[in-house]
Amino acid sequence: MAIPTSTSVQESAVIEAPFSDVWHLIKLPEFSKWWSKLDKSEWVKGTSEETDIVKWTFKDGTVLQVKQEEHSSISHYITYSVIASEPALSYTSVVSTLRVFPVTSGAHEGQTYVIWTGNFSSDADAGVIEDAKFKRREALADLAKAAAKK
């Protein structure tokens, strides 16, 4: 019997780097420059100009095609969905948002606050949600390392 579970995940971090250093890393084809689980990220050729699709090839051999759904350089976020996966995913869909905020006062002034959410279809099980949580935590740590090198 399946365990009822939330179908969303949210992970966040304060990154000890200036906002601009972090925000400039948040582009789908650039994720492999900082996310250690990715081997490469590249634009998918042959898609229309209106469709921004990037292929992420993970070091474990998994290949995802992710479609940029929204990007705001005013509100500083990017939203993407997984549109194809090899091997196939065990759930129908996921839409993720990576949002970046400058910390403007307090003990972390001059640093950056990042939130990475994922909203999964109702057929995602507890294992999928836990995996997404830990992958986002690891990726945020990788992002912090990459931003610190700037």
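**View 1. Glu 11 in strand β1 of a predicted model**. Glu 11 belongs to strand β1; strands (E, at least two residues) and helices (H or I, at least four residues) are DSSP runs numbered from the N terminus. Glu 11 has a relative accessible area of 10% and therefore counts as buried (under 20%, with exposed over 50% and partly exposed in between; 1.4 Å probe, protein chains only). Residues are numbered from 1 along each chain as its sequence is written. In this predicted model, local features need pLDDT of at least 70, side-chain atom pairs count only at pLDDT 80 or more, and totals for chains, interfaces and linings use all residues, while side-chain values use heavy atoms, leaving out hydrogens and water.

**View 2. Surroundings of Glu 11**. Leaving aside residues up to four places away in sequence, Glu 11 touches Val 114, Ile 115, Trp 116, Lys 133, Arg 136, Arg 137 and Leu 140 (contact: heavy atoms within 4.5 Å). Ile 115 is 104 residues from Glu 11 in sequence, yet their C-alpha atoms are 5.8 Å apart.

**View 3. The open sheet**. Its 7 strands follow the order β1-β7-β6-β5-β4-β3-β2, with antiparallel pairing (strands pair if DSSP finds at least two bridges between them). β1 (8-15) and β2 (38-43) are the edge strands, each pairing on one side only.

**View 4. Strands β3 and β4**. β3 (residues 53-58) and β4 (residues 63-72) form an antiparallel pair over 5 bridges. Ile 53 stands opposite Lys 67 in β4.
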